Amino acid sequence: MTYQETCEYLYSQLPMFEKQGAGGYKEGLENSNALDEHLGHPHKKYLTIHVAGTNGKGSCAHTLSAILQMCGYKVGLYTSPHLVDFSERIRVNGQPISEEYVVDFVENEKSFFEPLQPSFFELTTAMAFKYFAEMNVDIAVIEVGLGGRLDCTNIISPILSVITNIGMDHTQFLGTSLEQIAMEKAGIIKQNTPVVIGETTPETRMVFDAIAKEHNAPITFAEDHQQIISAEATNKGMEYNTKSFGTIHGELSGLYQEKNTNTILNAIQQLENLGYMHPVKCQANTPCQNREVQKGFSHVCSLTGLQGRWQKIGDAPLTICDTGHNVPGWIYLSEQLKSVKCDKMHIVFGMVDDKDIQGVMDLLPKNATYYFTKANNKRAVSENVLKLYAQGKGLEGESYPDVKTAYDAAKGAAQINDFVFVGGSSYVVAELLKNCI
């Protein structure tokens with residue numbers, strides 16, 4: 001098979017949550033453990049950091065990876081979903097896994113995994129762990145796919161666990177209360193292993209405290225250790241004045257990045273305490289200098305390939321895309337949109353069916369023109385249904401059958417001093433980046 005044929009095989013032959021929803025989600029670690037044993041437990045050949053959370057885990061995982069790269073480590077990075085190409089999910093020092101490796105892995109391992117009938121994510125995780133071992137990485141930053149306790153990445157024994165926050169998302173799998181969801185996310189907390197929690201509520205804090213004590217895991221609540229003295233949005237990202245790391249320019253824009261940054265800086269301090277932040281290319285056995293942290297933040301996109309976080313894709317009119325796709329994410333995005341200065345706002349918008357559509361629409365600006373659309377995904381909500389919901393919220397706009405048509409209409413209508421935003425779903429942003437830019 002060619003690379004494209006192999007990717008299509010993975011997407012079509014294996015249950016895939018991102019395309020099928022509940023039908024593509026397999027609960028439990030049986031398949032993951034079987035694949036891991038078959039491949040020789042590759043994840044035990046390097047250090048790992050585990051990152052979970054409702055929102056922000058992708059930004060945190062990529063930024064931690066960038067900082068570790070600047071310290072001289074060879075870093076594996078496993079994230080999901082991809083936006084443009086499958087290979088984005090599995091990277092070493094920012095470079096995507098090779099097409100040849102993906103093809104060879106599937107061909108060589110098919111006789112074992114086909115009878116096992118793993119999910120797409122189970123097999124992809126096994127591929128990533130094996131690839132990192134063969135690439136001799138020093139450390140891998142592993143982003144949880146969904147939840148934590150039963151997520152197939154949860155076979156690793158990390159040196160540090162990070163949980164960014166807890167919000168009401170994937171309730172059909174993780175529970176219908178913040179406490180229940182926190183229990184699932186807290187499943188990545190390991191015995192005697194430090195954990196950093198980014199944001200809490202009274203309900204979730206109690207859960208994290210109890211589980212950390214049960215596992216004798218040192219716990220740091222980042223909100224109790226504010227590293228950021230001040231934060232300011234600029235036309236090139238975010239500028240942070242910090243207590244321990246000097247002035248940091250964050251390449252990632254978006255007001256929500258302030259919380260992520262505080263979580264990351266607390267995680268870096270824990271890594272320093274563990275002795276893992278000594279620049280390996282330096283002779284002196286000194287902790288990671290501020291410049292490595294600063295460079296990681298300021299070059300995270302080029303170092304890791306991260307896209308879709310308040311990403312500018314055009315000027316005149318200013319055009320931004322963002323992968324925020326649930327109510328907790330849109331609480332921040334709605335504030336960000338209010339801060340945009342423009343003559344008129346145009347929003348290309350689509351969602352998938354397992355999200356709180358009504359809750360997100362309550363947060364959308366009323367003074368915008370909407371271009372309702374859908375991604376090429378079985379879970380995508382019809383553009384006409386979105387328009388109907390929107391009318392009940394006082395939002396005005398038209399429906400378009402695909403992302404490109406909607407984007408072209410928005411760009412065609414926008415004047416030079418207007419603002420165009422594309423979002424509502426990772427898959428809408430993915431199609432924008434793949435087909436429209």
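Two strands count as paired here if DSSP finds at least two bridges between them. Keep in mind that this is a predicted model.

Q: How many residues lie between the strands in the hairpin of strand 10 and strand 11, and which residue there takes a positive phi?
A: Strand 10 (residues 237–242) and strand 11 run antiparallel, and 4 bridges join them. That clears the cut-off of at least two bridges. The hairpin has 4 residues between the strands, and the one with a positive phi, near 70°, is Gly246.

Q: Which residue of strand 11 does Tyr240 stand opposite?
A: Strand 11 covers residues 247–250, with Thr247 and His249 on its uncovered face. On the covered face sit Gly250 and Ile248. Tyr240's opposite number is Ile248.

Q: In what order do the 8 strands of the open sheet run?
A: Pairing in this sheet is mixed. Strand 4 (95–96) and strand 8 (219–221) each pair on one side only, so they are the edge strands. The order is 4-3-2-5-1-6-7-8.

Q: What angle does the direction of helix 6 make with that of strand 3?
A: Strand 3 (residues 90–92) runs antiparallel to strand 2 (residues 75–78), with 3 bridges joining the two; Ile90 in strand 3 is the bridge partner of Tyr78. Helix 6 (residues 120–134) packs on the sheet and touches strand 2, strand 3, strand 4 and strand 5 (139–143). Its direction makes an angle with that of strand 3 of about 15°.

Q: Which residues of helix 11 are buried?
A: Helix 11 takes in residues 290–298. Its buried residues are covered by elements including helix 4 (57–70), strand 11, helix 10 (257–274) and helix 12 (300–304). The buried ones are Glu292, Val293, Gly296, Phe297 and Ser298.

Terms used:
Residues are numbered from 1 along each chain as its sequence is written. This is a predicted model: local features need pLDDT of at least 70, side-chain atom pairs count only at pLDDT 80 or more; totals for chains, interfaces and linings use all residues. Side-chain values use heavy atoms; hydrogens and water are left out. Contact means heavy atoms within 4.5 Å. Axes are lines fitted to C-alpha atoms, for helices over the stretch in contact, and angles run from 0 to 180 degrees between N-to-C directions. Buried means under 20% relative accessible area, exposed over 50%, partly exposed in between (1.4 Å probe, protein chains only).
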